[in-house]
Amino acid sequence: MENIFRYYEFSEFFKDSSGTFQENEISFSELNKEHFLIFEKKDSQYNLYVSKYSSKKGIGNEPPEILELLVENYDKSIPEHRIVLRKYLY
């Protein structure tokens, strides 16, 4: 998973304090000024979301305006999971 985070330029993981991700650690990649992909690290699994915030500063600090779960328990060895990620980043 570390290669995916580096390749797609996700941020370092940090603790969510907004309550949205139940204080799990999150990492994000910017799609544009208001839309972001977020990986939530929950125990040893990762969930992938697309979200909308008024600014990057709100991520992890306030609830998102929009949040949609794209992939639960992301597994880089499953082609469908990789396709979902590439769909949003390219």
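**A predicted 90-residue chain**

Guide: Of the 90 residues of the protein chain, 37% count as buried, where buried means under 20% relative accessible area, exposed over 50% and partly exposed in between, with a 1.4 Å probe and protein chains only. This is a predicted model, in which local features need pLDDT of at least 70 and side-chain atom pairs count only at pLDDT 80 or more, while totals for chains, interfaces and linings use all residues. Residues are numbered from 1 along each chain as its sequence is written, and side-chain values use heavy atoms, with hydrogens and water left out.

Visitor: In what order do the elements of the protein chain run from the N terminus?

Guide: The order is α-β-β-β-β-β-α, which comes to two helices and five strands. Helices (H or I, at least four residues) and strands (E, at least two) are DSSP runs, numbered from the N terminus.

Visitor: What radius of gyration does the protein chain have?

Guide: The protein chain has 12 Å, which agrees with the value near 12 Å for a compact globule of 90 residues. The radius is taken over C-alpha atoms, and the globule rule is 2.2 Å times the number of residues to the power 0.38. Along the principal axes, the C-alpha atoms fill a box of roughly 30 × 30 × 20 Å.

Visitor: Is Phe5 buried or exposed?

Guide: Phe5 is buried, at a relative accessible area of 5%. Phe13 counts as partly exposed, at 23%. Phe13 also pairs with Tyr46: the centres are 5.9 Å apart and the planes at 50°, so that pair is tilted.

Visitor: Where do Phe13 and Tyr46 sit in the chain?

Guide: Phe13 is in the loop between helix 1 (2-7) and strand 1, and Tyr46 is in strand 4 (residues 45-52), so the pair links distant parts of the chain, 33 residues apart. Tyr46 counts as buried at 12% relative accessibility. Ring pairs link Phe5, Phe10, Phe13, Phe39, Tyr46 and Tyr74 into a cluster.

Visitor: Which residues does Asn24 touch?

Guide: Phe14, Lys15, Asp16, Glu40, Lys41 and Lys42, not counting residues up to four places away in sequence; contact means heavy atoms within 4.5 Å. Asn24 is found in the loop between strand 1 (14-15) and strand 2 (25-30), and is buried at a relative accessible area of 17%.

Visitor: Backbone next: what is phi of Glu9?

Guide: Phi of Glu9 is near 55°, a positive value in a residue other than glycine. Most residues other than glycine have a negative phi. Glu9 is in the loop between helix 1 and strand 1 and is exposed, with a relative accessible area of 66%.

Visitor: What about Gln22?

Guide: Gln22 also has a positive phi, about 50°, although it is not a glycine. Gln22 lies in the loop between strand 1 and strand 2 and counts as exposed at 58% relative accessibility.

How values were computed
Phe/Tyr/Trp six-rings, centres within 6.5 Å; stacked < 30°, edge-to-face > 60°.
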